[in-house]
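Please look through the structure shown here with an eye to its helices, its aromatic rings and its charged side chains. The paragraphs that follow take these topics in turn.

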Amino acid sequence: METSLKRARANDGVAGAPSATLDGNATAIAELHAAALNKIADLQLRLDACEKSRSYMHGKHRLEVDTLKSNNEGLKSALKWACSIGNIPRQHWLDEGHDEEYAVEMERLLPSFKQIIQSLRMGTVSGPILIHFNHHDEDGNRDAVDHGDFLMPYWKEFAAALTHWSEYHAD
C-alpha cells in the first residue's frame, strides 16, 4: 500500500495520471453542471418573456375581438333599419285631408328620407343632410310636413341613424 501512495504522489503533476483524471473529471462535471444551470436559467428567462408576450398578445387579441363584435353589432343595427320602416300609402295622405300634390310630395319625401337614413347608417354621408319637402299652400308659401303617428317611425329611425353615425362614422 505504501508503494501505491508513493506512486500516486509521484504522479500528481503528470497528465493522465489516475489522481489528476479524477480531479479533472470532477472539475469538468462541475463546469458542465454550472453550464447546464446557466442554460436552464437562460431558458427560463426566455420562457418567462414568451409567456409575458403571449399574455400581452392575448389581451390585445381579446380587445380587437371585442371591438369587432361591437362594430358587428353596429353594422347589424345599420341594416335593421330597412325592415323597420314601413311604406305609407298615398291614400293615407288623401284620407288625412291633404290634396293630391301633398300626397305626391310625400311619395317623393319618404324614399329620400329612407336614403338619408341608410347613408347615415352606412357612413356614406358626404355633406350636409337636407330633407326637402317641396309643397306650397294655397297662398304659395312653403308648407311643412304635418307631424303624425305615421311619420314617427321615420323620425325615430333618423334619430337612431344619426346616433349610429355619430358613434361609428363621425370624424
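A residue is called buried when its relative accessible area is under 20%, exposed when it is over 50%, and partly exposed in between, with a 1.4 Å probe and protein chains only. By that scale E138, at 79% relative accessibility, counts as exposed. The model is a predicted one, in which local features need pLDDT of at least 70 and side-chain atom pairs count only at pLDDT 80 or more, while totals for chains, interfaces and linings use all residues. Residues are numbered from 1 along each chain as its sequence is written, and side-chain values use heavy atoms, with hydrogens and water left out.

The protein has five helices and zero strands, where helices (H or I, at least four residues) and strands (E, at least two) are DSSP runs numbered from the N terminus. Of its 171 residues, 18% count as buried.

Rings of Phe, Tyr and Trp (its six-membered ring) pair if their centres lie within 6.5 Å, and planes under 30 degrees apart count as stacked, over 60 as edge-to-face and the rest as tilted. Across the whole structure, six aromatic pairs are found. In one of them, the rings of F113 and W155 have centres 5.0 Å apart and planes at 70°, so this pair is edge-to-face. It links distant parts of the chain, since F113 belongs to helix α4 (residues 100–122) and W155 to helix α5 (residues 152–168), 42 residues apart. F113 is buried, with a relative accessible area of 3%, whereas W155 is partly exposed at 39%. The rings of F113 and F158 have centres 5.7 Å apart and planes at 45°, so that pair is tilted. Because F113 lies in helix α4 and F158 in helix α5, the pair ties together parts 45 residues apart in sequence. F158 is buried as well, with a relative accessible area of 16%, and F113, Y154, W155 and F158 form one aromatic cluster.

W155 also takes part in a surface feature. Patches are made of residues with over 30% relative accessible area and no salt bridge, like charges being joined within 9 Å and nonpolar side chains (Val, Leu, Ile, Met, Phe, Trp, Tyr) within 5 Å. Together with I129, I131 and L162, W155 forms a nonpolar surface patch with about 310 Å² of accessible area. Of these residues, I129 sits in the loop between α4 and α5 and is partly exposed, with a relative accessible area of 34%.

Opposite charges meet elsewhere. A salt bridge is a side-chain nitrogen of Lys or Arg within 4 Å of a carboxyl oxygen of Asp or Glu, and the whole structure holds six of them. In helix α2 (residues 18–84), R54 and E51 are three residues apart, about one helical turn, and their closest N and O atoms are 3.7 Å apart in a salt bridge. D66 and R62, four residues apart in helix α2, meet in a salt bridge at 3.4 Å, N to O. The salt bridge of E107 and R90 spans 3.9 Å, N to O. E107 lies in helix α4 and R90 in helix α3 (residues 90–95), so this pair ties together parts that are 17 residues apart in sequence. Salt bridges that share partners join R90, E100 and E107 into one network.

Key
Accessible areas come from the Shrake-Rupley method with a 1.4 Å probe; for residues, only the protein chains shown count as cover.
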